[in-house]
Every structure is written in structure tokens, then in C-alpha cells.
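Q: I would like to learn how to read the features of a model like this one. Where do we begin?

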Amino acid sequence: MSNIMTVSSLNTKIKSLLETTFMHILVEGEVSSVTYHNSGHVYFSIKDRDSSIKCVMFRSNANRMKFRLELGQHVVVNGSISVYTPRGEYQLLTVSVEPFGQGALALAYEQLKDKLQQKGYFDTSRKKAQPKYIKKLALVTASKSAGLQDMLKIIDKRWRLIEVVVIDTLVQGDRSAPQIAEALIYADTLGCDAIVVGRGGGSKEDLWAFNEEIVADAIFNLNTFVVSAVGHEVDIQISDFVADLRAPTPSASIEMILPDQNEVLYTLSEMQERYFRTIIQIVSNKEQSISALTEEFQRQSVSYKIAMVQKEFKNLEDEFRRVMEYKISQFETKISPLSYQLKENLDYALQVKAQSLGSIEQKMKLSDPKLKQKEGWGEVLLDRKRVALSSIKKDDRFTITDTETKLEVLCLNSKEI
């Protein structure tokens with residue numbers, strides 16, 4: 001009976017044997033239960049087809065886990081066997097857990113991505129519009145990083161009309177994620193038009209801070225337009241999905257949000273030229289409108305109407321004058337021969353009348369007994385016309401009559417007395 005052991009001594013021996021035999025072991029299994037305690041410890045179980053084992057991970061190790069344990073996950077647990085002697089129970093004291101066949105960071109990335117997508121962090125409808133012209137810009141990054149220098153060079157080259165605030169923060173390591181979140185919250189209070197958060201390239205572990213939920217929460221809650229510019233173009237972080245704009249590199253972020261001053265100057269020059277052309281066209285149109293209105297006003301004014309009537313009257317007067325002058329000229333053309341003919345006719349008629357009158361007078365004289373008895377009375381006829389004796393020329397044949405005698409005479413010589 002000397003070999004009999006107490007329960008406590010047995011459990012103690014088992015504890016010593018198991019804990020010294022199963023140190024730093026790797027166990028593969030499927031997560032069958034999991035509890036995240038308020039203390040920060042994680043209690044879970046893993047199983048295979050035939051059995052299961054309880055596991056515990058204390059807070060210090062749990063804080064270093066990049067992903068969250070979920071039911072049904074196929075994992076590899078790294079730890080050692082621990083025995084709780086008061087109950088005679090053993091469990092796997094876990095140091096770390098890795099997804100089976102998949103990196104822990106990759107799984108943590110997908111888990112957080114799915115979680116945030118379900119919460120609406122990636123919705124395009126909530127993303128803020130990019131400001132066209134940025135006057136104040138916050139750069140959340142390491143103050144001594146090459147990425148910051150690249151951004152400052154692009155700013156100086158591209159757009160100098162800007163105030164730049166550099167907010168220094170860790171961008172890698174376990175303490176970097178909370179610092180980045182605090183820096184973003186601080187930058188949001190500075191009244192900036194935009195915030196760029198990021199760093200240059202590195203390994204997946206170096207860039208992991210931008211895949212932390214605390215950083216995603218800070219970006220989501222910002223009131224300021226934010227750009228995520230982490231690593232190289234092939235590196236896509238959770239911050240890229242949450243931010244309002246994703247840039248492939250830090251330097252590319254500046255090119256994406258700041259205008260090129262040369263292009264702006266060229267645009268301003270074109271706008272100025274268009275402005276001048278427009279003003280000139282407007283002034284020309286207004287001048288034409290004013291000229292048309294002035295002419296219309298003048299046409300409708302009393303003075304203009306009077307002037308038009310006077311002008312019309314003058315035109316009618318000139319036309320009347322021209323017509324009259326033309327008519328008169330036509331009449332003069334006709335009157336001239338008629339006048340000449342009338343003159344001849346009048347001369348002839350007067351001559352005939354004169355002859356007739358002379359004949360009548362002669363007859364009256366001849367019929368007057370007193371005249372017939374008068375001595376010395378005589379009449380000279382040339383071509384049966386009564387003429388003065390002084391008008392007779394040499395060789396003229398004329399007739400001389402008195403009251404008693406009629407002589408036919410030939411003038412042999414003519415001499416004035």
C-alpha cells in the first residue's frame with residue numbers, strides 16, 4: 001500500500017511530465033469554439049475528426065495577433081501544454097496562431113476588409129469631393145522619410161501657392177497605427193483643404209499600420225478630404241479603400257490633387273484672351289444696338305420727320321424744276337421756228353394789210369373830189385406797191401399816176417437830191 005498517491009501528487013507529477021515533455025509544439029486543427037474575454041484573454045478550442053483540446057491565449061500575446069479567430073478556421077497553434085492541477089485539466093497555452101496554408105497578415109487583411117465593407121466604410125456615396133484648388137495641405141507621415149521629401153519637391157515644382165503642414169508620426173511598427181490615427185484626428189482640426197497620409201514602399205509588415213482598424217476608423221470619421229498614399233502602385237492597403245482618394249505613391253498623390261502651375265497659367269492666358277474677345281464682341285454688339293436705337297429715335301423724332309418732309313419737298317421741287325426746264329427747253333425748241341414763222345407771217349400779213357390799206361387810202365383819195373383836183377399830187381408804184389420815189393433804182397420800171405394821168409416809166413439814172 002506504500003505506492004498509493006494522492007490526487008494532488010498525481011496531478012503534480014502529470015503537470016511536471018506534460019509541461020516538460022510538450023514545450024514549443026505546433027498543433028494543427030479547426031477552431032471549434034472561441035471566446036474573447038473582457039480581460040483581453042482569448043479562450044478557444046481546436047479539434048480534428050476524433051478529438052479536441054482547449055487552448056488559452058493571454059492578453060499580451062492576443063494583442064499581437066493580426067487576425068481574429070473565428071469558428072471553422074483551420075489554424076496552426078504554437079504553444080506548450082499547461083496543466084491546472086486543482087482540476088486535473090490540461091490545455092494548450094498558446095503563444096501565437098497562424099492560419100493553415102495562409103499568412104496571418106493576409107487573413108487579417110481580408111477579415112478587416114470584409115468587416116469594414118459591411119459597415120459601409122468603402123461606399124462611394126460617402127466619399128468627399130476633391131477640392132479643385134487647395135490652399136492648405138496637411139501631410140501625415142514621418143518627417144524624415146524619403147516619401148515626404150518627394151512630396152515636397154513635387155509641391156514646389158507644381159503649385160507654390162499653398163500652405164503645407166507636416167505632421168510627424170511613426171509609419172511602421174506596433175505603435176505606429178495609434179500615432180497615425182491621432183495625427184489624422186489632429187490634422188482634421190487645422191482647417192486644411194486636404195490631408196495626405198502615407199509613406200514610401202516597404203514590406204507587407206512595414207506597411208501594416210495602414211491596415212489597422214484604428215487607422216481606418218480615423219480616416220472614415222474625418223471631415224477633411226483625405227488621400228491615402230502608401231507604398232507603391234502594387235501595394236493596396238485598407239486605408240486606400242476607406243480614403244476619399246487612393247494614390248499609388250506619395251509623389252503621385254501630390255500630382256493628383258494639385259494643379260500644374262504652367263497649365264493654370266496657360267489656361268488663364270486663354271481665358272483672358274477669350275474674355276477680351278467676349279468683351280470686344282459685347283461692346284461691338286452694344287454699339288450696333290445703340291446706333292440702331294439712335295437711328296430709330298431720330299427716325300421717330302419730330303425734327304427728323306420735318307427734315308424728311310423738307311427733303312422730300314426739296315426733291316419734289318427739284319424734280320418739278322427739272323421737268324419744267326425740260327418742258328421749256330422742249331417748247332423753246334418748238335417755239336423758235338414757230339416764232340420765226342410767226343414773225344414772217346406777221347410781216348407778210350402786215351405787208352398785205354399795208355398794201356390793202358394803201359390801196360384803200362389811194363382809192364379814198366382818188367374818190368375824194370377835193371384830192372383829185374389838187375395839183376401836184378402823184379403816186380409811185382413799183383411792182384404794184386406804193387413806194388417813195390427815192391427808192392427807185394436804175395433800170396427799175398415803175399408807174400406814176402396822179403389824178404388825171406398814169407405813166408409807165410423806166411429809170412435811166414438814179415440820183416439822190
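A: With the terms for sheets. Two strands pair if DSSP finds at least two bridges between them. Helices (H or I, at least four residues) and strands (E, at least two) are DSSP runs, numbered from the N terminus. Here an open sheet of four strands runs in the order β12-β11-β13-β14, with antiparallel pairing. β12 (385–386) and β14 (406–410) stand at the edges with a single partner strand each, so one side of each has no neighbour in the sheet.

Q: What kind of model is this, and how are its residues numbered?
A: This is a predicted model: local features need pLDDT of at least 70, side-chain atom pairs count only at pLDDT 80 or more, and totals for chains, interfaces and linings use all residues. Residues are numbered from 1 along each chain as its sequence is written, and side-chain values use heavy atoms, with hydrogens and water left out.

Q: How many bridges join β13 to β14?
A: First the general idea. Strands of a sheet pair through backbone hydrogen bonds, either parallel or antiparallel. In this case, five bridges join β13 (residues 397–401) to β14, and the two run antiparallel. Thr399 has Glu408 in β14 as its bridge partner.

Q: In what order do the five strands of the barrel close?
A: The order is β1-β2-β3-β5-β4, with mixed pairing. From one strand to the next, the twist averages 55 degrees. Angles run from 0 to 180 degrees between N-to-C directions, and axes are lines fitted to C-alpha atoms, for helices over the stretch in contact.

Q: Which strands pair with β2?
A: Take β1 (residues 25–36): six bridges join it to β2, antiparallel. Glu30 stands opposite Lys47 in β2. The hairpin of β1 and β2 has five residues between the strands, and Gly40 takes a positive phi near 100 degrees there. Now take β3 (residues 52–57): β2 (residues 42–47) pairs with it in the antiparallel sense over six bridges. Phe44 has Cys55 in β3 as its bridge partner. This hairpin, β2 and β3, has four residues between the strands.

Q: Which strands does helix α1 lie across?
A: Helix α1 (residues 7–21) lies across β4 (74–84) and β5 (89–99). Its direction is about 145 degrees to β4. Contact means heavy atoms within 4.5 Å.

Q: How is a pocket defined?
A: A cavity is a set of points where a 1.4 Å probe fits but cannot get out; a pocket is an open set with protein on both sides within 12 Å along at least five of seven lines. Lining residues have an atom within 4 Å of a point. Grid points are joined across faces, edges and corners, and a volume is the space filled by probe spheres set on the points.

Q: What lines the largest pocket?
A: The largest pocket has a volume of about 890 Å³. Its lining has 28 residues; Asn63, Met65, Lys66, Phe67 and Glu212 lie nearest its centre. The elements giving two or more residues are α3 (104–118), α5 (176–187) and α6 (213–220). The largest share, five residues, comes from α3.

Q: What about the second largest pocket?
A: The second largest pocket has a volume of about 280 Å³. The elements giving it two or more residues are β2, β3, β4 and β5.

Notes. On a 1 Å grid over the protein atoms alone, a cavity is a set of points where a 1.4 Å probe fits but cannot get out, and a pocket is an open set with protein on both sides within 12 Å along at least five of seven lines; lining residues have an atom within 4 Å of a point.
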